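Please look over the sequence and the three-dimensional model shown here before reading on.

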Amino acid sequence: MRTFGAIDIVVNVRTPQEMEAGLNPTDQSFAAQVRQSESISRSQGVPIDDYLRKMDRCAIERSLLIAVRCGDRRLSGSVHLSYERVHEICQAYPDRFSGLAGIDPTQGLAQLRELEHAVHELGFVGAHFYPHWFDMPPDHPYVMPINAKCAELGVPIMMQVGQNLVYRRDLRLPTVAKPIAFDRIAILYPELTLIGIHLGVPWVDEMIAMAWKHDNIYFCGDAYAPNHWPPQVVHYANTYGQDKFMFGTDWPVIEPERAVRDIQAHAFRPEPYRKMMRENAIRAFRLPAEGLASRPAEWGSLLPGGVLIEQLQPRG
């Protein structure tokens with residue numbers, strides 16, 4: 001019998017290897033503000049095998065790992081995680097992880113070639129862009145060719161739209177992306193799937209409006225604990241927007257255990273819940289839908305009575 005689980009579409013790589021290499025773009029003040037776990041805030045990291053056990057307990061079948069690009073590499077303080085490192089993890093656990101190609105618009109044609117390589121040769125399922133790290137909104141002239149390339153390749157691109165916090169006291173970045181910036185992109189590239197991550201806070205209503213207006217715009221509930229999701233987001237995901245909203249954590253910002261527990265308190269209806277936690281991501285990223293061949297030992301143990309296992313079973 002196949003085992004079906006949730007899809008977490010926004011996950012950062014924070015193993016001891018990354019932490020030792022200084023590939024954490026945040027400092028202790030950010031960790032304190034978002035109440036990050038000590039394993040990350042004290043620069044220890046979490047091995048992939050341990051993170052898989054977290055996923056198992058939460059009944060998370062697959063996580064999308066970001067080969068993150070934070071800032072122009074020519075400038076001090078920028079952090080890039082290589083596509084090869086994410087590919088290495090995905091190759092080791094192909095039924096549990098898929099890769100997202102981080103975007104650096106300052107690289108011009110080189111970035112377009114690398115994105116094509118990531119999709120065609122490494123099997124990455126989408127792209128990820130942090131506008132604030134480059135001081136470029138989603139519709140900036142440097143970014144539009146990347147949007148076009150994603151449309152050509154048939155992969156989604158996710159972007160943080162909304163405020164960004166102070167990641168490091170010595171490097172304060174301005175907020176440059178609002179959900180309305182997706183409007184022009186969605187019109188020009190109707191073939192492109194655009195995903196607003198981090199809820200669009202504080203412009204949540206604007207994010208909902210963009211997803212409601214355009215068939216090719218989605219958004220995700222990552223980076224904010226579901227207990228603090230605005231009521232209009234919960235209503236949207238549970239009713240008329242049930243086909244356009246996806247689950248994510250932005251781990252290590254939000255622990256998967258907290259995210260999964262918090263969502264239960266919202267009492268989503270069964271069909272919108274399955275769409276949010278699994279089906280919408282499978283459709284948007286063209287992920288395998290057949291589930292896991294075997295059930296991990298701790299699968300769904302976070303909540304008693306097999307609740308998570310039952311909620312994510314396909315219907316029909």
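## An exposed leucine

Leu109 counts as exposed, because its relative accessibility is 55% and the cut-off for exposed is over 50%. The model in which this residue is described is a predicted one. Leu109 belongs to helix α6, which covers residues 109-120. From Leu109 to Ile146 there are 37 residues along the sequence, while their C-alpha atoms are 9.3 Å apart in space.

Val260 sits in helix α12, which spans residues 256-264. This valine counts as buried because its relative accessibility is 1%, and the cut-off for buried is under 20%. When the neighbours within four places in sequence are left aside, the residues in contact with Val260 are Cys58, Phe247, Leu302 and Leu308.

Val260 can also be placed relative to Ala59: the two are 201 residues apart in sequence, yet the distance between their C-alpha atoms is 9.0 Å.

The buried residues of α4 are Ile48, Tyr51, Leu52, Lys54, Met55 and Asp56. What covers these buried residues includes strands β1 (6-11), β2 and β5 (97-102), together with helices α5 (83-92) and α12.

Following α4 comes Ala59, with a positive phi near 55°, a value that this residue has although it is not a glycine. Ala59 is placed in the loop between α4 (48-57) and β2 (60-67). Is Ala59 buried or exposed? Its relative accessibility is 0%, and Ala59 therefore counts as buried.

Whereas Ala59 counts as buried at 0% relative accessibility, Ala267 is exposed, because its relative accessible area is 58%.

## Helix α13

Helix α13 consists of 16 residues, and the distance from its first C-alpha to its last is 22 Å, close to the 22 Å expected at 1.5 Å a residue.

α13 is mostly covered, with twelve of its 16 residues buried. Among these buried residues are the charged side chains Arg274, Lys275 and Arg278, and the list also includes Pro272, Tyr273, Met276, Met277, Asn280, Ala281, Ile282, Ala284 and Phe285. After α13 comes Arg286, which has a positive phi near 55°.

## Two cis peptide bonds

Which residues does a cis peptide bond with omega of about 5° join? They are Val201 and Pro202, and Pro202 is located in the loop between β8 (194-197) and α10 (204-213).

The peptide bond from Trp251 to Pro252 is also cis, and its omega is near 15°. Pro252 falls in the loop that links β10 (245-246) with α12, the helix that holds Val260.

## Pocket and cavity

Rolling a probe the size of a water molecule over the atoms shows where empty space is left. The largest pocket has a volume of about 640 Å³. It is lined by 31 residues, and those nearest its centre are Phe30, Val34, Leu165, Ala223 and Val253. By class, the lining of this pocket comprises 15 nonpolar, eleven polar and five charged residues.

The count of cavities of 30 Å³ or more comes to one, and the largest cavity has a volume of about 50 Å³. Which residues line the largest cavity? They are Asn12, Val13, Arg14, Thr15, Val46, Ile48, Tyr51, Leu65, Phe97 and Trp251, and they divide into seven nonpolar, two polar and one charged. Ile48 and Tyr51 in this lining are also among the buried residues of α4, while Trp251 in the lining takes part in the cis peptide bond to Pro252.

Notes: Residues numbered from 1 in each chain as written. Predicted model: local features only at pLDDT ≥ 70, side-chain atom pairs only at ≥ 80, totals over all residues. Heavy atoms only, no water. Helix = DSSP H or I, 4+ residues; strand = E, 2+ residues; numbered from the N terminus. Buried < 20%, exposed > 50% of the residue type's maximum accessible area, 1.4 Å probe, protein only. Contact = heavy atoms within 4.5 Å. Expected span 1.5 Å × (residues − 1). 1 Å grid on protein atoms, 1.4 Å probe; cavity = no way out; pocket = protein on both sides within 12 Å on 5 of 7 lines; lining within 4 Å. Points joined across faces, edges and corners; volume = space filled by probe spheres on them.
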